[in-house]
Amino acid sequence: MANYKGYLLKFGDKVFPNAYILEYSSTPNQRLESSADRDNTGTLQRKTLNSTKTSINLSTHILSLNEKIKMQSVINAGMVNSAQRKCKVTYWNDEDNTYKTGYFYIADVEYTIMDVDSTSKDIQYNPITIELIEY
């Protein structure tokens, strides 16, 4: 089955658990332009760069506090600059049907608590959305 190894994301050397993923979408190999202008006949003249960028969005299932902490530790395993939230990520590229590795910015993450259980001392989180934008 192509080059698929059973996971969608890996941060550093740690695989992000598929069991945590509710929804996953990516826009791989986005073309970048150095310029795009119309000439005097109205024809678009594009200068496309050789490099491409990928963006990834995922939402988790409802997570317990321990699951959220485990998810964060996986993400932190790929962190190369915490101030910039810059991570080394290996991801399944659906356009090329292979894995690629790149450096991604993690957008601000919102954590919404669904339930607090004082008896079990646990917290349940609504699905958490994570957005990755390649440098």
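Reader: Two strands pair if DSSP finds at least two bridges between them. With which strand does E5 pair?

Author: E5 pairs with strand E10, residues 122-125, in the antiparallel sense over two bridges. Strands (E, at least two residues) are DSSP runs, numbered from the N terminus. This is a predicted model, in which local features need pLDDT of at least 70 and side-chain atom pairs count only at pLDDT 80 or more, while totals for chains, interfaces and linings use all residues. Residues are numbered from 1 along each chain as its sequence is written, and side-chain values use heavy atoms, with hydrogens and water left out.

Reader: Which residue stands opposite Ser64?

Author: Opposite Ser64 one finds Gln124, a residue of E10.

Reader: And what is the strand order in the open sheet?

Author: The open sheet has three strands in the order E5-E10-E9, with antiparallel pairing. The edges are taken by E5 (63-64) and E9 (113-117), each of which has a single partner strand, so one side of each lacks a neighbour in the sheet.

Reader: How many bridges join E9 and E10?

Author: Four bridges join E9 and E10, again in the antiparallel sense. Within this pairing, Val116 stands opposite Ile123 in E10.

Reader: What do E9 and E10 form?

Author: They form a hairpin with four residues between the strands. Lys121, in the turn, has a positive phi of about 55°.

Reader: Changing topic: how many salt bridges does the structure hold?

Author: It holds two. A salt bridge is a side-chain nitrogen of Lys or Arg within 4 Å of a carboxyl oxygen of Asp or Glu. One of them joins the side chains of Arg85 and Asp108, at 2.4 Å from N to O.

Reader: Where in the chain do Arg85 and Asp108 lie?

Author: Arg85 lies in the loop between strand E6 (79-81) and strand E7 (86-93), whereas Asp108 lies in the loop between strand E8 (98-106) and E9. The pair is 23 residues apart and links distant parts of the chain.

Reader: Is Asp108 buried or exposed?

Author: Asp108 is exposed, because its relative accessible area is 61%. Arg85 has 33% and is therefore partly exposed. Buried means under 20% relative accessible area, exposed over 50%, and partly exposed in between (1.4 Å probe, protein chains only).

Reader: With which residue does Asp96 form a salt bridge?

Author: Asp96 forms a salt bridge with Lys100, and their closest N and O atoms are 2.6 Å apart. Asp96 is partly exposed, as its relative accessible area is 33%. Lys100 also counts as partly exposed, at 30% relative accessibility.
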